[in-house]
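Keep the model in view while reading.

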Amino acid sequence: MEFNVAQLLQESTGATRRYEGLREEVAVIDGGEQVPVEGDVTLTRTPGGVLAAARLQLLVGEDCARCLTPFEAPLRVTIEEIYHPTIDIVNGQRLPAPEDPEAFLIDEHHILDLTEPIRQYRLMAGSLAPLCRPDCRGLCAVCGADLNDSAEQHQHERPIDARWSALNELQTQPSKE
Ligand SMILES: [Zn+2]
Ligand SMILES: [Zn+2]
């Protein structure tokens, strides 16, 4: 997701560019998976560079943590990052690198590329336990069947491991004499 900021860099602090309704495929994982990214981006000239503010929605592929079914989930990310120019827009001289080695840079062709922060924010915002739906019933602990596809009363007569059956009877039939 690239923006040419050559013009913006020549304007005074506070000048902005607003891009609405963007829609692009962005590679959010190294060497792989391009996902659709939609949203709005505002670029603002600051004394030291350009502030990129973006509200984006990504459609990312996940595997449900309970039933293991792959599904696509929308993921909202809000980005606010300062980009530092590498070339002085007025005289074309190379500028000293910013002190922060992690700082985002505008390249020598005055291109500001949002791909890297989108990647980083996607990793931070991604869920550790994504669910295909909030009430996913997961897999049966005994036979591995997907309980979303099974009858409401999916259950087993008795646990397969006999060591558990005594315990099971204690728990399910406490009043039995
Ligand atoms: Zn699921
Ligand atoms: Zn089962």
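Helix 2 lies across strand 2, strand 3, strand 4, strand 5 and strand 6. Its direction is at about 130° to strand 5. Angles run from 0 to 180 degrees between N-to-C directions, with axes as lines fitted to C-alpha atoms, for helices over the stretch in contact. Helices (H or I, at least four residues) and strands (E, at least two) are DSSP runs, numbered from the N terminus.

This is a predicted model: local features need pLDDT of at least 70, side-chain atom pairs count only at pLDDT 80 or more, and totals for chains, interfaces and linings use all residues. Residues are numbered from 1 along each chain as its sequence is written, and chains are lettered from A and ligands numbered from 1 in the order in which they are written.

**The whole chain**

The protein chain has 3 helices and 7 strands. From the N terminus, the order is β-α-β-β-β-β-β-β-α-α. Of its 177 residues, 14% count as buried. Buried means that 20 or more other C-beta atoms lie within 10 Å of the residue's own; exposed means 12 or fewer, and partly exposed is in between, with C-beta atoms placed from the backbone.

Five strands form an open sheet in the order 2-3-4-5-6, with mixed pairing. Strand 2 (16-27) and strand 6 are the edges, and each pairs on one side only. The twist averages 30° from one strand to the next. Two strands pair if DSSP finds at least two bridges between them.

| Pair | Bridges | Residues between strands |
|---|---|---|
| Strand 3 (residues 34-45) and strand 4 (residues 50-63) | 9 bridges | 4 residues |
| Strand 4 and strand 5 (residues 70-85) | 14 bridges | 6 residues |

Both pairs form hairpins. L68, in the turn between strand 4 and strand 5, has a positive phi of about 70°. E38 stands opposite Q57 in strand 4. R55 has T78 in strand 5 as its bridge partner. L59 faces P74 in strand 5.

**The core**

The largest nonpolar core has 20 residues. Such a core is a set of buried Ala, Val, Leu, Ile, Met, Phe, Trp, Tyr and Cys residues joined through C-beta atoms within 7 Å. V50, A52, L58, L112 and I118 touch the most other members. Strand 3, strand 4, strand 5, strand 6 (104-106) and helix 2 (115-125) each give two or more residues. Strand 4 gives the most, with 6 residues.

Which residues does A52 contact, leaving aside its neighbours within four places in sequence? They are V41, L43, I79, E81, Y83, L112 and L114. Contact means C-beta atoms, placed from the backbone, within 7 Å.

Technical notes: Contact = placed C-beta atoms within 7 Å.
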